[in-house]
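Let's walk through a protein model together, one question at a time. Have a look at the sequence and the 3D view first.

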Amino acid sequence: MRFDLHLHTEFSPDCDTALCDIEAHCLAIGLTGIAVTDHDCIAGALRLRDRVKTLRVIVGEEVSTRDGDVIGLFVERLIKRGMSAEDTIHAIHAQGGLAYLPHPFDRLRARRSGGASLSSIAELVDIVEAFNGKVARDHYNDLAADFARRHGKVIGAGSDAHSLRAIGTVYTEFPEDMDFTGPGDFLSCLRTARIAGKRRSPLGGWLIRGRRPFNIAWRKLRKHDF
């Protein structure tokens, strides 16, 4: 099973990917499912989940908090923007969802005051995005993977696609004999998943930058048990 755990649709103000195009594209490139994580919106994710027949859709939201972005996975109600990261995570958990920390070290998007701020919410976070396909430098993914290792966190990955062609350029792959029915099962599956894909230009949308797959940070993580 291959899942892209971070992508956007036409329901995000900075993306024009039409909902009607997503299922066919994902199936064509071998994705089993996706997490739709529009900015401060879940309407598109809910609508897509109701429309598709063969693609699995996790409803998510990339919430703009005062301390940086936090993604809620398996949410059913909109989480308001502008709260602290801690309060946002509590709101995600109150719905039975999972708190997913995206691109935590990307200087262009993290909007955090530094490592102390990240450390203060580390205990509350369920998943750390160890590979984001849109970060400006590979080093930012390496830092995120190291942060996950040091804090004993499960890792995830996503393309952070803002165009149709970028969807699936990064994905999380679960063993074929594993499946999930809800957040708890999903988190357990992630512990044995592997990450694959390539980083894109943060300015070029779908443009692939170089040929370096997720490597150094993943090799570090494979040395540790979570």
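Q: Which elements do the buried residues of H1 pack against?
A: This is a predicted model, where local features need pLDDT of at least 70, side-chain atom pairs count only at pLDDT 80 or more, and totals for chains, interfaces and linings use all residues. Residues are numbered from 1 along each chain as its sequence is written, and side-chain values use heavy atoms, with hydrogens and water left out. Helices (H or I, at least four residues) and strands (E, at least two) are DSSP runs, numbered from the N terminus. The buried residues of H1 pack against E2 and H2.

Q: Which residues of H1 are buried?
A: Buried means under 20% relative accessible area, exposed over 50%, and partly exposed in between, using a 1.4 Å probe and protein chains only. By that rule, the buried residues of H1 are Leu19, Ile22, Glu23, His25 and Cys26.

Q: Which residues of H2 do Leu19, Cys20 and Ile22 in H1 meet?
A: Here a contact means heavy atoms within 4.5 Å. On the H2 side, the partners are Gly44, Arg47, Leu48 and Arg51.

Q: At what angle do helix H1 and helix H2 pack?
A: Two packed helices are described by the angle between their axes and the distance between the axes. Axes are lines fitted to C-alpha atoms, for helices over the stretch in contact, and angles run from 0 to 180 degrees between N-to-C directions. For H1 (residues 19-28) and H2 (residues 43-51), the axes are 10 Å apart and the angle is about 55 degrees.

Q: Is Asp40 buried or exposed?
A: Asp40 is found in the loop between strand E2 (33-39) and H2. Leaving aside neighbours within four places in sequence, Asp40 is in contact with Glu61, Glu62, Val63, Ser64, Leu78 and Arg81. Because its relative accessibility is 18%, Asp40 counts as buried.

Q: How many helices and strands does the chain have?
A: Let's finish with the whole chain. Of its 226 residues, 58% count as buried. The chain has 7 helices and 10 strands.
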